[in-house]
Protein chains: 6
Amino acid sequence: MKLSSVVDRLDDTLRTADYADIDASANGLQIGPEEAEIERVAFAVDGVRETVDRAVEADADLLVVHHGLSWGGFDRVTGRTYDRIAPLIEHDLALYVSHLPLDGHQELGNAAGVADLLDLEDRAPFGELGPEYIGQRGVASDPYPSDELRERLEASLETGGQSVRLLGFGPDRIEDVAIVTGSGIDWLDEAVATGADVLVTGEGKQQAYHEAREAGINVVLAGHYATETFGVRSVQDVVADWGLETTYLEVPTGL
Amino acid sequence: MKLSSVVDRLDDTLRTADYADIDASANGLQIGPEEAEIERVAFAVDGVRETVDRAVEADADLLVVHHGLSWGGFDRVTGRTYDRIAPLIEHDLALYVSHLPLDGHQELGNAAGVADLLDLEDRAPFGELGPEYIGQRGVASDPYPSDELRERLEASLETGGQSVRLLGFGPDRIEDVAIVTGSGIDWLDEAVATGADVLVTGEGKQQAYHEAREAGINVVLAGHYATETFGVRSVQDVVADWGLETTYLEVPTGL
Amino acid sequence: MKLSSVVDRLDDTLRTADYADIDASANGLQIGPEEAEIERVAFAVDGVRETVDRAVEADADLLVVHHGLSWGGFDRVTGRTYDRIAPLIEHDLALYVSHLPLDGHQELGNAAGVADLLDLEDRAPFGELGPEYIGQRGVASDPYPSDELRERLEASLETGGQSVRLLGFGPDRIEDVAIVTGSGIDWLDEAVATGADVLVTGEGKQQAYHEAREAGINVVLAGHYATETFGVRSVQDVVADWGLETTYLEVPTGL
Amino acid sequence: MKLSSVVDRLDDTLRTADYADIDASANGLQIGPEEAEIERVAFAVDGVRETVDRAVEADADLLVVHHGLSWGGFDRVTGRTYDRIAPLIEHDLALYVSHLPLDGHQELGNAAGVADLLDLEDRAPFGELGPEYIGQRGVASDPYPSDELRERLEASLETGGQSVRLLGFGPDRIEDVAIVTGSGIDWLDEAVATGADVLVTGEGKQQAYHEAREAGINVVLAGHYATETFGVRSVQDVVADWGLETTYLEVPTGL
Amino acid sequence: MKLSSVVDRLDDTLRTADYADIDASANGLQIGPEEAEIERVAFAVDGVRETVDRAVEADADLLVVHHGLSWGGFDRVTGRTYDRIAPLIEHDLALYVSHLPLDGHQELGNAAGVADLLDLEDRAPFGELGPEYIGQRGVASDPYPSDELRERLEASLETGGQSVRLLGFGPDRIEDVAIVTGSGIDWLDEAVATGADVLVTGEGKQQAYHEAREAGINVVLAGHYATETFGVRSVQDVVADWGLETTYLEVPTGL
Amino acid sequence: MKLSSVVDRLDDTLRTADYADIDASANGLQIGPEEAEIERVAFAVDGVRETVDRAVEADADLLVVHHGLSWGGFDRVTGRTYDRIAPLIEHDLALYVSHLPLDGHQELGNAAGVADLLDLEDRAPFGELGPEYIGQRGVASDPYPSDELRERLEASLETGGQSVRLLGFGPDRIEDVAIVTGSGIDWLDEAVATGADVLVTGEGKQQAYHEAREAGINVVLAGHYATETFGVRSVQDVVADWGLETTYLEVPTGL
């Protein structure tokens with residue numbers, strides 16, 4: 001399939017254009033000649049030297065990632081940027097990026113993946129960012145203890161050996177779950193306002209401790225990488241259905 | 001001592017005015033009537049409900065913190081802001097804040113405190129932010145393994161029970177140490193450029209994992225709270241020398 | 001009634017949200033804990049120490065004003081801001097503000113109140129500000145001399161002993177009246193463009209003298225305070241109808 | 001004298017360039033051909049149709065004013081702008097403007113003129129605006145009652161028949177006087193901070209009433225026009241000394 | 001006809017308001033008193049001293065131009081601006097300007113005029129600028145060599161004696177033609193994206209040479225003035241139909 | 001020599017850092033790994049596919065150009081950007097860019113090169129842009145006709161077969177010459193103000209015709225490429241003196 005066709009299909013599936021004004025990431029095709037022919041596609045959370053090298057080893061023509069290289073553009077291709085871009089170009093490996101569109105997709109996205117893992121029902125978009133959403137809410141049909149939630153996530157996610165942390169300032173039993181993966185702690189106020197029992201996210205921040213404590217809400221910090229493998233894996237399935245060969249490159253950071 | 005005098009002395013000691021254009025925090029006196037009489041001063045890392053309540057219990061007239069209430073100003077005194085400000089006003093407790101001036105002070109500051117703990121020599125300002133610095137560098141007279149550095153910090157800091165993490169991508173033996181406490185990971189590039197063997201900071205961020213790995217530098221994540229108790233404690237000593245009664249309020253967050 | 005309910009009703013009645021982008025004033029609840037119980041409500045044009053003190057004396061739970069404390073937010077609660085906020089918090093007195101929404105409301109607003117006083121008919125919104133209006137136009141069924149208009153306003157308004165001034169550069173007989181209360185002189189050009197015989201406003205400005213003279217339009221300067229008592233009084237009636245006890249605090253400034 | 005020479009001398013005398021970044025007014029030559037020959041110069045507070053017409057009648061070649069036509073530039077020469085500019089051009093009358101440079105000049109300026117009238121001593125710049133000042137302070141050698149100050153100004157200034165108003169919230173006897181003419185009420189806080197007994201200015205504003213009252217300072221509102229005739233008259237003397245014929249055009253607004 | 005009526009009709013015909021946010025030119029009436037009576041209208045590409053003088057000689061009441069005097073407004077009427085505005089005002093000659101509205105008008109506009117000259121069919125708007133277009137595309141019913149296109153333009157346009165230049169990097173035979181007159185080279189990428197065989201514009205720019213070469217598209221540089229006489233001439237016909245006397249002032253620049 | 005050393009020397013020689021805030025071009029090293037070893041350096045005016053290909057053919061390690069690839073940064077490496085960057089990376093060819101620093105250098109720069117060609121004396125910086133200059137002025141020891149100036153430039157410059165154009169609106173004999181190469185026509189007003197007899201530049205613009213005519217100054221349009229070969233050639237000599245092999249790639253555009 002031509003790269004330009006793959007890109008059009010992905011942009012369409014992920015609604016790339018709708019997130020253009022709210023995302024610092026340049027989503028869509030970041031590196032590559034549109035006219036290339038694509039047979040093998042690699043998937044990873046981060047577009048970095050390690051995953052680029054592994055995609056080259058896997059003889060991939062295209063690498064699809066959640067975190068790309070261009071955040072607000074670059075002035076130069078030198079230093080770290082050169083070291084990441086050079087092997088892509090030298091090995092005819094294109095780079096496709098989907099950041100917030102992949103966080104917020106209500107079926108294929110990262111938050112949706114966490115909600116699947118937790119068997120949540122009555123799903124609804126959560127995590128407002130301008131006119132879009134970058135997370136999801138849902139309800140546990142059978143409420144269970146907050147610590148069990150922590151354990152389930154620690155057991156299932158690729159945490160790179162790190163523990164999942166519970167800031168247990170909310171109700172003991174969890175029913176209503178709000179999810180924004182990665183750096184989603186900034187949506188704590190929205191979680192409180194919508195009456196969630198817990199906000200599940202990736203990384204924490206110092207000020208969140210007291211904000212959660214004062215608001216009486218649970219927070220689960222399950223890791224940035226660990227909560228963001230779902231989106232690229234879901235897209236992998238979609239792309240495989242198009243008849244392309246696919247592979248997932250696992251490089252957990254433990255952060 | 002009159003509050004206005006205490007404020008003038010602190011502003012002078014900490015060079016509050018020099019950081020006015022580079023800090024979102026409104027440093028200096030944030031809450032309080034300048035004409036109040038101050039006898040007892042409480043110190044804490046965070047100005048939040050818990051520390052405000054404890055300062056009230058301690059019958060303090062002034063609470064000095066690193067993280068205050070006003071970040072870019074507030075439009076309203078409602079919700080969480082009301083709940084934090086109301087007890088301050090009801091109990092005639094003033095609030096003094098020093099954010100970046102306290103991070104960067106080369107003798108009293110947070111980074112300087114970490115450097116003291118590590119017995120670093122040949123200290124120099126580190127962590128450029130506009131025309132100022134918010135961290136410090138130094139050299140270990142006797143180089144030691146990177147894991148020993150991790151262990152020393154874990155043993156000495158108030159980590160709230162959390163472990164200190166080493167991203168061990170740099171040299172095995174540590175000599176040159178760069179420090180920016182709290183959310184200091186953004187100064188990783190400066191640490192690399194200046195040839196440091198390790199960057200010691202508080203919180204991590206997903207992208208730092210691969211940036212450190214590709215640059216071949218060690219990163220130690222010792223906790224935001226844990227690395228930022230030094231500044232307020234040092235100021236406590238200064239204020240005690242002025243003849244005021246002081247107390248430190250320990251509320252570790254583990255973040 | 002719970003404060004949050006009173007606030008919701010007022011925001012709804014006055015369309016607070018619609019003016020959010022065009023008003024420097026933080027309209028709605030400015031100070032207070034949403035969960036408080038409200039029985040007595042005081043009303044005043046200005047939210048200042050004098051009216052706060054009188055509202056405390058009147059044992060009010062809520063003070064509703066046209067000019068509040070937050071214009072573009074505040075960085076600190078010190079000095080004049082402290083002196084105004086402290087008694088509100090110490091006496092559990094909440095502060096609700098409605099600036100431009102109350103100027104422009106076509107039935108309850110300040111301009112509408114002036115139009116009522118002048119028995120104007122065929123009312124229409126006047127005083128464009130972005131997508132909203134902050135004044136009103138109307139027609140006198142029976143035209144009368146411009147000086148009579150001046151006298152009527154001087155006789156009826158709370159001018160604090162100051163005279164109402166007529167810049168008599170327009171037609172001798174008044175039929176078409178444009179009104180923007182307070183600092184409304186900036187809408188002089190709109191008054192000219194819509195063919196009004198007079199612009200009634202509160203304060204003047206040096207340049208308006210010649211602009212009115214060159215355009216051949218009358219201007220009546222009736223005082224900022226004097227033209228802005230109508231809105232809060234109208235809202236007082238609305239709130240009284242909700243079953244709450246109310247009182248109006250008269251503190252004319254003569255400006 | 002060539003217009004360009006007159007302009008150079010005036011710019012030099014008034015330090016026009018130093019106010020370029022802090023004044024919305026385009027100070028210096030606003031309208032006119034630099035190569036014109038100047039014999040007669042008219043002076044007025046406002047550059048408006050009335051003063052332009054009178055300057056034409058006086059057969060002037062140049063009109064020097066405090067308030068000009070260009071505030072932030074104009075997109076078109078139509079309507080009121082056309083009506084003011086057209087007679088200037090048709091009668092070869094140039095327009096020179098000095099707004100803030102003339103307010104702040106410590107010898108020739110408007111505030112200096114008020115200070116002269118009040119026989120103030122120990123003069124110092126007052127009224128900070130960026131790196132410049134736009135007013136002046138001074139001390140009365142023999143303190144006198146605040147109402148006497150009001151009366152002296154009312155007796156001496158061209159108030160257009162309006163009364164001078166005293167907001168008598170400060171000390172009864174006046175010694176230390178701060179002056180910013182015209183719309184100078186925004187410097188009330190600076191007046192309080194520097195310990196002035198009274199701020200003398202031109203126009204008031206609703207919020208100043210309570211700000212003055214709460215700060216315990218007197219405010220005298222003597223009229224915008226009335227306080228701003230000094231500057232142009234002083235410059236008139238300077239220009240007469242250069243050997244040019246001069247005339248002052250008196251058009252008080254009473255505002 | 002009153003000037004205000006002529007202006008209303010022109011604004012209506014040319015959709016002046018729709019281009020307000022995307023054009024630095026202040027389109028519509030730039031200089032003049034709306035109440036003037038208009039009998040004779042002159043037309044020119046540039047509103048400059050030469051055309052103003054010729055319009056005065058022609059005893060015109062109104063000069064309609066493509067390039068006016070106000071681009072982002074002016075702070076002063078001095079120097080070149082004075083020399084252009086003064087004769088307009090002294091001779092009661094108003095100035096009406098239509099920049100982008102006249103480039104983009106799909107029937108009367110500059111690009112439409114070039115398309116007429118080239119007998120193009122299947123016309124469509126081209127040259128996106130925000131929500132509007134400033135050019136036109138069309139198809140030659142009978143494809144012909146690119147050099148013939150160059151020759152036809154050189155033969156028919158008022159090039160002021162300059163040659164029309166072909167950057168012949170595209171197909172030899174021309175079928176699909178994209179046109180943005182004047183400084184239209186910035187729309188080269190849009191021409192490539194829409195599959196045009198050639199972009200016809202006025203002025204070139206150094207970087208366009210290689211951009212066209214690498215993209216494999218022809219570019220014809222026919223002169224800024226030469227490609228922009230169509231719009232004003234078309235409007236001349238419209239105005240003549242309204243019963244006003246008209247004249248076209250030819251001042252080619254060869255640029 | 002290591003690339004990083006070459007870059008440091010060039011940045012130093014050309015004062016790259018001083019132009020950082022006034023140039024949209026990212027000057028200095030734009031593409032490449034700092035640790036590469038440099039033996040052969042190619043020079044060209046434009047960094048485009050043609051010059052990149054020729055530099056590769058010449059087996060160069062570094063290409064130094066006046067017009068680079070990064071103007072305000074790029075979001076993606078796709079399309080034309082990919083096609084230019086890919087061969088650089090694939091052939092280990094670094095790209096160094098010097099735009100305004102090379103225009104303005106008073107000895108090595110483009111304007112200085114034109115001044116050398118014209119044997120000008122009494123050189124001085126010309127062409128203000130913020131705190132820097134991007135052109136040069138000088139005086140002909142023996143004044144000569146303006147058309148002779150045109151002919152000399154046409155005879156000596158690489159115009160790509162295009163004629164040099166004289167807008168002969170100034171004095172017949174040329175003595176004082178102002179030069180800003182490339183798109184330097186915007187400095188016409190400065191040339192007039194400093195009393196130059198002619199402004200020599202590369203490209204014209206429609207409005208410059210009448211501006212020059214009304215100001216009575218000559219303008220010579222000698223071509224963007226043609227006036228900007230001097231800078232890179234001078235740097236070539238400098239680099240050759242460092243012992244590196246060099247070559248100049250001539251690709252005139254005729255624009």
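A few notes before the close-ups. This is a predicted model, in which local features need pLDDT of at least 70 and side-chain atom pairs count only at pLDDT 80 or more, while totals for chains, interfaces and linings use all residues. Residues are numbered from 1 along each chain as its sequence is written, chains are lettered from A and ligands numbered from 1 in the order in which they are written, and side-chain values use heavy atoms, with hydrogens and water left out.

**View 1. Chain F meets chain E.** Here 29 residues of chain F are in contact with 29 residues of chain E, contact being heavy atoms within 4.5 Å. Of the interface residues of chain F, 100% are also interface residues in chain E, so the copies meet through the same surface. Together the two chains bury about 2600 Å², with 45% of that on carbon and sulfur atoms. Buried area here is the accessible area (1.4 Å probe) that two parts lose on being put together, summed over both. Look for Gln206(F), Glu214(F) and Leu255(F): they supply 28% of the area that chain F buries against chain E, more than any other three residues.

View 2. Side chains of opposite charge can pair when their charged atoms come close. Eight salt bridges are counted between chain F and chain E, the rule being a side-chain nitrogen of Lys or Arg within 4 Å of a carboxyl oxygen of Asp or Glu. One of them joins Arg80(F) to Glu211(E), at 3.9 Å from N to O. On the side of chain F that touches chain E, the elements giving two or more residues are β2 (40-46), α2 (49-57), α3 (79-90), β8 (165-168), α8 (206-215) and α9 (224-227). α8(F) gives the most, with six residues. Helices (H or I, at least four residues) and strands (E, at least two) are DSSP runs, numbered from the N terminus.

**View 3. Chain F and the chains it does not touch.** Chain B and chain F make no contact, and their nearest C-alpha atoms are 13 Å apart. Chain D and chain F are not joined by any contact either, with their closest C-alpha atoms 13 Å apart.

View 4. Over all chains, the count comes to 114 salt bridges. In chain A, Arg15(A) and Glu132(A) meet in one at 3.0 Å, N to O. Arg15(A) sits in the loop between α1 (3-14) and β1 (28-32) and Glu132(A) in strand β7 (residues 132-145), so the pair ties together parts that are 117 residues apart in sequence. Glu132(A) counts as buried at 12% relative accessibility, whereas Arg15(A) is partly exposed at 37%. The cut-offs are under 20% relative accessible area for buried, over 50% for exposed and partly exposed in between (1.4 Å probe, protein chains only). In chain E, the closest N and O atoms of Arg15(E) and Glu132(E) are 2.9 Å apart in their salt bridge.

**View 5. Arg137 and Asp176 in chain C.** These two form a salt bridge, with 2.7 Å between the closest N and O atoms. Arg137(C) belongs to strand β7 (residues 132-145) and Asp176(C) to strand β9 (residues 173-179), so the pair ties together parts 39 residues apart in sequence. Both Arg137(C) and Asp176(C) are buried.

View 6. Chain A is divided into domain 1 (3-98) and domain 2 (103-227), with bounds from an automatic or database domain assignment. Their C-alpha centres lie 28 Å apart. Ten residues of domain 1 and twelve residues of domain 2 make the contact. The two domains bury about 820 Å² between them, 61% of it on carbon and sulfur atoms.
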